[in-house]
Amino acid sequence: MQARDISFLILLLLLALVSGDALAQQNVQQYPDVMEVQVTSTGEDRYRFDVTLSSPYDTPRRYADAFRVKSTDGRTLGVRELLHDHANEQPFTRSLSNVEIPADIDEVIVEGRDKTYGYGGQVQRVDIPDR
């Protein structure tokens with residue numbers, strides 16, 4: 001084999017490695033998924049949300065950093081900030097208490113947020129109890 005052939009093979013190998021890495025990055029989950037939501041009434045028009053999130057990509061540099069409860073028309077009703085990753089606790093459940101839900105709302109959407117990419121991923125639509 002000539003030096004030119006070896007250089008060409010090395011170039012092909014490098015291109016294959018770079019392409020494989022790009023494909024792997026495209027398959028990385030960008031957003032946390034909301035897996036389950038439990039809603040409990042805590043008083044007149046006040047509710048507690050126990051939200052289970054899945055973000056298997058979590059690291060200290062990038063993780064699910066919040067979830068929100070919003071009306072079906074897009075109004076944010078409550079946000080729970082998450083201050084650290086949950087890499088060793090997947091999926092994980094956190095609560096948001098004292099969320100005021102106006103009496104005319106009978107369904108809400110719960111959505112997760114990624115520290116880098118923002119809100120997205122699988123959401124859950126949940127009925128408000130006794131409405």
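Keep in mind as you look that the model is predicted.

How is a pair of aromatic rings described? By the distance of the centres and the angle of the planes. The structure has one aromatic pair. Its members are Tyr-31 and Tyr-117, with 6.3 Å from centre to centre and 65° between the planes. Because an angle over 60 degrees counts as edge-to-face, that is the name this pair receives.

Where do the two partners sit along the chain? Tyr-31 belongs to the loop between helix H1 (3–26) and strand S1 (33–43), while Tyr-117 belongs to the loop between strand S6 (107–114) and strand S7 (118–127), so the pair ties together parts that are 86 residues apart in sequence. Tyr-31 is partly exposed, at a relative accessible area of 25%. Tyr-117 is partly exposed too, with 39% relative accessibility.

Now look at what else surrounds Tyr-31. Leaving aside residues up to four places away in sequence, Tyr-31 touches several others, among them Tyr-57, Arg-62, Asp-114 and Tyr-119. Take Tyr-57: its C-alpha lies 9.0 Å from that of Tyr-31, and the two are 26 residues apart in sequence.

Two of these contacts lead on to another kind of arrangement. Arg-62 places its charged end over the ring of Tyr-57, 4.1 Å from the ring centre. Tyr-119 also has a charge over its ring: the charged end of Arg-68 sits there, 3.6 Å from the centre.

Notes:
Residues are numbered from 1 along each chain as its sequence is written. This is a predicted model: local features need pLDDT of at least 70, side-chain atom pairs count only at pLDDT 80 or more; totals for chains, interfaces and linings use all residues. Side-chain values use heavy atoms; hydrogens and water are left out. Rings of Phe, Tyr and Trp (its six-membered ring) pair if their centres lie within 6.5 Å; planes under 30 degrees apart count as stacked, over 60 as edge-to-face and the rest as tilted. Helices (H or I, at least four residues) and strands (E, at least two) are DSSP runs, numbered from the N terminus. Buried means under 20% relative accessible area, exposed over 50%, partly exposed in between (1.4 Å probe, protein chains only). A charge sits over a ring if NZ of Lys or CZ of Arg is within 6 Å of the ring centre and within 35 degrees of the ring normal. Contact means heavy atoms within 4.5 Å.
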